[in-house]
Amino acid sequence: MKDSPITSFIKKYFLHFNALTLSEAAKAYKHHIQNDGKMMVTLAGAMSTAELGKILSEMIRKDQIHIISCTGANLEEDLLNLIAHSHYKKIPNYRDLTPDEEKNFLKKGYYRVTDTCIPEEQAFKKLQKHILKIWTRAKKKSERYFPHEYIYQLLLENILKPYYDIDSENSWVLAAAKKNIPLIVPGWEDSTIGNIFASYCMKKLFQPFLVKNGIEYMIYLAKWYQKESIRHKIGFFQIGGGISGDFPICVVPMLSQDIGFHSTPFWSYFCQISDSTTSYGSYSGAIPNEKITWGKLDKDTPKFIIESDATIVAPLIFAYILNM
């Protein structure tokens with residue numbers, strides 16, 4: 001197959017330093033998948049609001065991603081973008097905003113994420129209204145689900161379809177729901193919708209038990225890893241730092257060290273796009289070799305860390321893999 005313009009560009013010009021690491025990481029990712037490997041992708045930061053879904057959804061559709069761990073914010077913000085994008089405000093001069101200007105956004109019902117303001121009424125309130133109905137239905141049926149499973153129900157039952165405000169092909173959560181790929185959402189309760197659910201529990205409308213929790217997510221992930229690693233090598237592609245990456249990578253030492261399944265295979269590929277600094281004691285900034293000491297990676301695992309902006313690096317790597 002002939003190389004796409006992006007693939008050719010990377011091969012020709014990305015020859016040193018972070019650029020070379022990007023090229024090698026993309027090549028190794030592609031090799032991993034071509035050799036019947038599976039890949040976990042983790043999403044930190046505000047990747048959904050950064051519209052990474054435009055290419056991430058295609059990676060999901062083309063079977064280049066098999067499981068995702070994301071923050072609660074990334075889970076909900078992909079949907080908010082799906083149903084309210086035309087109501088968003090772009091703030092190109094966000095670095096120059098005064099506290100008074102920031103306060104004015106709050107008064108007008110806009111929540112800022114770097115250069116983008118998400119509207120409360122058209123986005124959060126709309127999603128809240130419909131997720132409340134899904135939670136209430138589960139309560140009446142004495143059922144309970146993971147956070148992402150409630151979202152999958154919203155999407156697969158076309159409840160949000162009348163509100164779609166972008167091409168639905170650009171929603172990575174919708175693509176994941178259609179494929180029914182596993183999602184891990186550790187710390188979901190710190191998201192806006194998680195906060196709303198907590199408020200309903202405090203008002204005695206629901207019990208916390210209605211939403212499956214982080215321990216159950218770890219067990220769910222462990223069972224998936226045990227099953228899939230029998231037939232496939234499992235890779236780990238980490239976008240950013242934080243809980244979306246820290247939580248799932250621990251499943252390997254948990255299985256091997258804490259349960260005693262010593263034959264559990266290590267993660268077979270590791271790449272992280274990071275802007276964290278190792279010298280500050282940041283786990284998110286730790287070089288991959290440190291993960292050998294924790295029983296997460298082996299000494300021969302292909303390892304890459306690209307110290308750059310994920311909104312630049314991730315689309316380039318994904319375009320290389322897809323040969324776009």
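The side chain of Glu-169 meets that of Arg-61 in a salt bridge, with an N to O distance of 3.6 Å; the term stands for a side-chain nitrogen of Lys or Arg within 4 Å of a carboxyl oxygen of Asp or Glu. This pair links distant parts of the chain, since Arg-61 belongs to helix α3 (residues 53–61) and Glu-169 to the loop between α7 (147–156) and α8 (172–179), 108 residues apart. Helices (H or I, at least four residues) and strands (E, at least two) are DSSP runs, numbered from the N terminus. Arg-61, at 26% relative accessibility, also counts as partly exposed, and a network of salt bridges links Glu-58, Arg-61, Lys-62 and Glu-169.

The model is a predicted one, in which local features need pLDDT of at least 70 and side-chain atom pairs count only at pLDDT 80 or more, while totals for chains, interfaces and linings use all residues. Residues are numbered from 1 along each chain as its sequence is written, and side-chain values use heavy atoms, with hydrogens and water left out.

## Further charged pairs

The structure holds 13 salt bridges. One of them joins Lys-179 and Asp-63, whose closest N and O atoms are 2.7 Å apart; this pair, too, links distant parts of the chain, with Lys-179 in helix α8 and Asp-63 in the loop between α3 and β2 (67–70), 116 residues apart. Lys-179 counts as partly exposed at 37% relative accessibility, and Asp-63 counts as partly exposed at 40%.

Another salt bridge is formed by Glu-228 and Arg-231, with 3.8 Å between the closest N and O atoms. Glu-228 counts as buried at 7% relative accessibility, whereas Arg-231 counts as exposed at 53%.

Strand β8 (residues 269–274) has 6 of its 6 residues buried, so the strand is largely enclosed by the rest of the structure. Tyr-269, Cys-271 and Ile-273 point one way from β8, while Phe-270, Gln-272 and Ser-274 point the other way, and all are buried.

On the β7 side, strand β7 (residues 234–239) and β8 pair in the parallel sense over 5 bridges, where pairing requires that DSSP finds at least two bridges between two strands. Within this pairing, Cys-271 in β8 is the bridge partner of Phe-237. Strand β9 (residues 303–307) likewise pairs with β8 in the parallel sense over 5 bridges, and in β9 it is Glu-307 that stands opposite Ser-274.

## Nonpolar cores

A nonpolar core is a set of buried Ala, Val, Leu, Ile, Met, Phe, Trp, Tyr and Cys residues joined through side-chain atoms within 4.5 Å. The largest has 97 residues, and those with the most contacts inside it are Trp-135, Phe-237 and Ile-239. Helix α14 gives the most to this core, with 9 residues. Apart from it lies another core, of 5 residues, among them Ile-91, Leu-97, Phe-105 and Cys-117.

Phe-237, the bridge partner of Cys-271, has contacts (heavy atoms within 4.5 Å) that include Tyr-269, Cys-271 and Ile-273, not counting residues up to four places away in sequence. With the same exclusion, Phe-237 also touches residues including Tyr-29, Met-39, Val-41, Ile-317 and Phe-318.

## Local details

Thr-264 lies in the loop between α12 (251–259) and β8 and is buried, with a relative accessible area of 13%. A polar atom of the Thr-264 side chain lies 2.7 Å from the backbone oxygen of Phe-261. Leaving out residues up to four places away in sequence, Thr-264 touches Tyr-225, Val-252, Leu-255 and Ser-256.

Phe-17, a residue other than glycine, has a positive phi near 55°; Phe-17 is found in helix α2 (residues 17–34) and is exposed, with a relative accessible area of 75%. Asn-323 also has a positive phi near 55°, is found in the segment after α14 (310–322), and is buried, with a relative accessible area of 15%.

How values were computed. Buried < 20%, exposed > 50% of the residue type's maximum accessible area, 1.4 Å probe, protein only. Polar contact = N/O pair within 3.5 Å; in protein donor to acceptor, adjacent residues only side chain to side chain.
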